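Hi,

Here is the structure I promised to pass on. Have a look at it first, and then read my notes below.

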Amino acid sequence: MTPDGAPVPVGTEELDARGLRCPLPVIHLARLAAGLAPGSAVLVRWTDPAAAHDIPAWARMRGHVVVETRPPGDLTDHGTTLVRLGGDDEGPAPAGADPS
Amino acid sequence: MTSRTYLDAGGRAPLHPAGTQALAAALAEGWADPRRLHSEGRRARALLDGARESLADVLGCRTEEVHLAPQHTASLHAAVEHAVEGRRRFGRRTVLSAVERAAVHAAARFAGSGTEPDVVPVDGRGRVDLDAWRGAVAGPGVALAALQHANGEVGTSQPVAAAHEAATAAGVPLLVDAGASLGHVDVGPHWDLLAADPGDWGAPDGVAVLAVRTRVRAGRVRPEDDDRWFPGRVDVPAAFAAAVTLRAVLEDRAHADTARRQQVARIRAAAAAVPDVEVLGDPVDALPHVLTFSCLYVDGEALTDELDRRGFAVGSGSACTSSTLEPSHVLAAMGALTHGNVRIALPRDLPDDEVDRFCHELPEAVAAVRRVLGVAGL
């Protein structure tokens, strides 16, 4: 558990995207994810309200899974999103690639 | 200088020639206060009566049911406030879809006086969940339900007939925001209050339309005035121009509908062919002229600027293009990507070659923004 109570599995990478404005949180997350193995977990800390929507949308487009999103609360000034990287194809999908 | 192509007609379409002509004529004839009894006043009154009669005829309601607001936002605020106050005996809760205009959300919270609105979710295309809607309107303490005719940001039509049936069965009046629809599609008879926006159909500014069935009980929310809905004098020339422009666009609607659906289909295909672009909204059951898409790893403001440099005026629902830094609540409710968003609302009579030029330049514009951000291959 982090101080703000978000459950973080052992070995989870963290991305501090606080203060970054859209689309930078998602771009930083994609850069980090490109170097990680399938199944890895990443906890993103963000302050831009668009990140709450855009990280799940990115995950859907890239075949990753959002485990949990926590909005900024009484105890924290930022939100968190926990993503588990999916698929065995961790490289970026080529443009317009057929997912099959 | 690059030629300009205006693709942001939602809510403020380029002025229709019939509207500017009517405005000039009405300014000459109908400048006087229509409440005065002299000849000048009576001439203004005749123009105003004619305008309301014409609007009522289009909407299929009585002339006395047509009220004229100064502006669409004021119209929506008044509709919610009066209708909620009129049913205060039952409660102050409002039921509304998650993708209603911000003005409807704000008015519903305000009129609730502490009772939060019941916000009904939408699916991935932005269409309201009818089962959830039916449950919500049948709940206790509901004063008013509000559902747009179609969404002006993503184009998706709403199931207004079924939503009205459910509201009526529960004894709850339905406000239909037809601000993105009237002038483009048939808005139908399934409403108790209906708001429409002349700016959206190409009429000059200065007036908005709120039709209220006589069966709707309106509470008193303002000091007494001859016009309880919108106090003060109506802008007669603007009202006359709005009615004349609506007639003109409806005469041409079938043609404009076919042409713009074809143009939207071409832009849809061009956008979908750009890597990592999600085209949003219902492709079929939708407004004829609206299309929205979001581009992954793209800054909406940068893309709007890039397209503007290339001669195209487009809208965007991305947070960085709004003053509040909040992304579009419509895109958020749909679970769509909110950054890199481009919102197109085609004006009437746009030449096909301008659509072709947009389709041709769009991929390069997106690529240019992505190059600056260094996101190739992510």
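Between domain 1 of chain B and domain 2 of chain B, the count comes to 15 residue pairs in polar contact, both residues being at pLDDT 80 or more. Keep in mind as you read that this is a predicted model.

As for where those domains sit in the chain, the domain assignment puts domain 1 of chain B at 17–251 and domain 2 at 253–373. Their C-alpha centres are 28 Å apart. Domain 1 of chain B brings 30 residues to the contact, and domain 2 of chain B brings 23.

Together the two domains of chain B bury about 2,100 Å², with carbon and sulfur atoms giving 53% of that area. On the domain 1 side, the residues that lose the most area to domain 2 of chain B are B:Glu153, B:Val154 and B:His184, which together make up 33% of what that side buries.

There are also four salt bridges across this domain interface. B:Glu153 turns up again here: its side chain meets that of B:Arg343 in a salt bridge, at 3.2 Å from N to O.

**Chain B against chain A**

Now for the interface between the chains. Here 23 residues of chain B are in contact with 20 residues of chain A. The area buried between the two chains is about 1,900 Å², and 64% of it comes from carbon and sulfur atoms. On the chain B side, B:Tyr297, B:His339 and B:Leu378 lose the most area to chain A, together 27% of what that side buries.

What about charged and polar pairs? Two salt bridges are counted between chain B and chain A. A:Arg62 and B:Asp276 meet through their side chains in a salt bridge, with 2.7 Å from N to O. The side of chain B that touches chain A is made up of 14 nonpolar, five polar and four charged residues.

**Inside chain B**

One last thing to look at is the largest nonpolar core, which has 47 residues. Within that core, B:Leu59, B:Leu68, B:Trp133 and B:Trp201 touch the most other members.

Cheers

Definitions and conventions:
Residues are numbered from 1 along each chain as its sequence is written. Chains are lettered from A and ligands numbered from 1 in the order in which they are written. This is a predicted model: local features need pLDDT of at least 70, side-chain atom pairs count only at pLDDT 80 or more; totals for chains, interfaces and linings use all residues. Side-chain values use heavy atoms; hydrogens and water are left out. A nonpolar core is a set of buried Ala, Val, Leu, Ile, Met, Phe, Trp, Tyr and Cys residues joined through side-chain atoms within 4.5 Å. Buried means under 20% relative accessible area, exposed over 50%, partly exposed in between (1.4 Å probe, protein chains only). Contact means heavy atoms within 4.5 Å. Buried area is the accessible area (1.4 Å probe) that two parts lose on being put together, summed over both. Ala, Val, Leu, Ile, Met, Phe, Trp, Tyr, Cys and Pro count as nonpolar, Asp, Glu, Lys and Arg as charged, and the others, Gly among them, as polar. Domain bounds come from an automatic or database domain assignment. A polar contact is a pair of N or O atoms within 3.5 Å; within protein, one must be able to donate a hydrogen and the other to accept it, and residues adjacent in sequence count only if both atoms are side-chain atoms.
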